[in-house]
Amino acid sequence: MPDTTTATTVDLTELSAARGGSRRLTGHLTRPVGAGPWPGVVVVHEALGVNDVMHRQTERLARAGYLVVMPDLFTEGGTVRCLVPTFRAALSGHGRAFHDIEAARTHLTQDPDCTGRIGIIGFCMGGSFALLAGNDGEFDAASVNYGRLPKEPDRALAGSCPVVASYGARDRTLPGAARKLEASLDRLGVVHDVKEYPEAGHSFLNDAEIGPRALRPLMRVAGIRPHPESAVDAWRRIDDFFATHLKAEDQKG
């Protein structure tokens, strides 16, 4: 099967530092093969950082016709040192990681192969970032995948861009999150598509198990595992939602 994407590492340090973000930041740029321009998507990785699963998610989006950047939020310090403060930022709605995400978005806007329509997608910890980053007016659509909700969702999500969100009913870490998010977006009048999958748990969109092998049995018990059947439908919804809000002909430019 011929390659349909090309991937490169990009230096986002200048853009992030100028915004008060990381003093050193790398990202992974994946572009479709062929002639652009394409809409852009910022991918925010899960709590365990950039891994093969996250790279495959970016490749999937590029094959779908998006110019994709995934900033490595753990560039400066590694996973062990960065995980806790980055997770805190995801829950609080402010912090260095948000500036890093904005640096990735700006990188896309400066690329001549980007149409200017840009979405954001996040998984696990990244889902929380995608949810909160979508309310600053800079993104045109957000895909939130098993992301934790802010303490005051109505206040935090006011003015949000359109949101497509997916959760698993067997996710013991986020009980009732889909229902609470949908209710908040309804009250705020935000365009949305929120769905909870009865047989899925946390990280169900991953195409392989992640984390240290010794911990994987415990992660399965906690409901942290792939669920391919639910993932197929979730990706269909994400593809349709992004196509509507990022690819429509009258929205380009």
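**Entry 1: burial, starting with Phe98**

I call a residue buried when its relative accessible area is under 20%. I looked up Phe98 with that in hand: its relative accessible area is 15%, so Phe98 is buried. A reminder to myself that this is a predicted model.

**Entry 2: the chain as a whole**

I counted the elements and found 9 helices and 8 strands in the protein chain. Of the 253 residues, 54% are buried. I also checked the contacts with a separation of 6 or more, and 70% of them come from residues 24 or more positions apart. The chain exposes about 11300 Å², with carbon and sulfur atoms supplying 52% of that area.

Helix 4 has 14 residues and reaches 20 Å from its first C-alpha to its last, close to the 20 Å expected at 1.5 Å a residue. I found helix 4 mostly covered, with 11 of its 14 residues buried.

Which ring does Phe98 pair with? Phe98 forms an edge-to-face pair with Phe129, at 4.9 Å centre to centre and 65 degrees between the planes. The two sit 31 residues apart, Phe98 in helix 4 and Phe129 in helix 5 (residues 125–133), so I read this as a link between distant parts of the chain. Phe129 has a relative accessible area of 0%, so Phe129 is buried as well.

**Entry 3: the other aromatic rings**

I count 5 aromatic pairs in the structure. For Tyr66 and Phe242, the ring centres are 6.0 Å apart and the planes stand at 70 degrees, so I logged the pair as edge-to-face. This pair, too, links distant parts of the chain: Tyr66 is in the loop between helix 2 (52–63) and strand 4 (67–71), while Phe242 is in helix 9 (residues 228–247), 176 residues away. Both Tyr66 and Phe242 are buried.

Tyr66 has another neighbour to write down. The charged end of Lys247 sits over the Tyr66 ring, 4.7 Å from its centre. Elsewhere, I found Tyr146, Tyr197 and Phe204 in one aromatic cluster.

Helix 7 (residues 177–188) has 12 residues. Where do its buried residues lie around the axis? I listed Ala177, Ala178, Leu181, Ser184 and Leu185 as buried. They cover an arc of only 135 degrees, so they are on the same side of helix 7. The face turned away from that side carries Arg179 and Arg187, both exposed. I then looked for what covers the buried residues, and found that the cover includes helix 5, helix 6 (153–156), strand 7 (163–168) and strand 8 (192–197). Just after helix 7, Gly189 takes a positive phi of about 75 degrees.

**Entry 4: backbone notes**

I went through the loops next. The peptide bond from Gly36 to Pro37 is cis, with omega near 5 degrees. Pro37 is in the loop between strand 2 (26–32) and strand 3 (38–44).

Cys124 is not a glycine, yet its phi is positive, near 60 degrees. I placed Cys124 in the loop between strand 5 (114–123) and helix 5. Its relative accessible area is 13%, so Cys124 is buried.

Ser203 also has a positive phi, about 60 degrees, without being a glycine. I found Ser203 in the loop between strand 8 and helix 8 (216–221). With a relative accessible area of 4%, Ser203 is buried.

Conventions. Residues numbered from 1 in each chain as written. Predicted model: local features only at pLDDT ≥ 70, side-chain atom pairs only at ≥ 80, totals over all residues. Heavy atoms only, no water. Phe/Tyr/Trp six-rings, centres within 6.5 Å; stacked < 30°, edge-to-face > 60°. Helix = DSSP H or I, 4+ residues; strand = E, 2+ residues; numbered from the N terminus. Buried < 20%, exposed > 50% of the residue type's maximum accessible area, 1.4 Å probe, protein only. Lys NZ or Arg CZ within 6 Å of the ring centre and 35° of its normal. Expected span 1.5 Å × (residues − 1). Arc of directions from axis to C-beta. Contact = heavy atoms within 4.5 Å. Areas by Shrake-Rupley, 256 points an atom, 1.4 Å probe, with all protein chains shown as cover.
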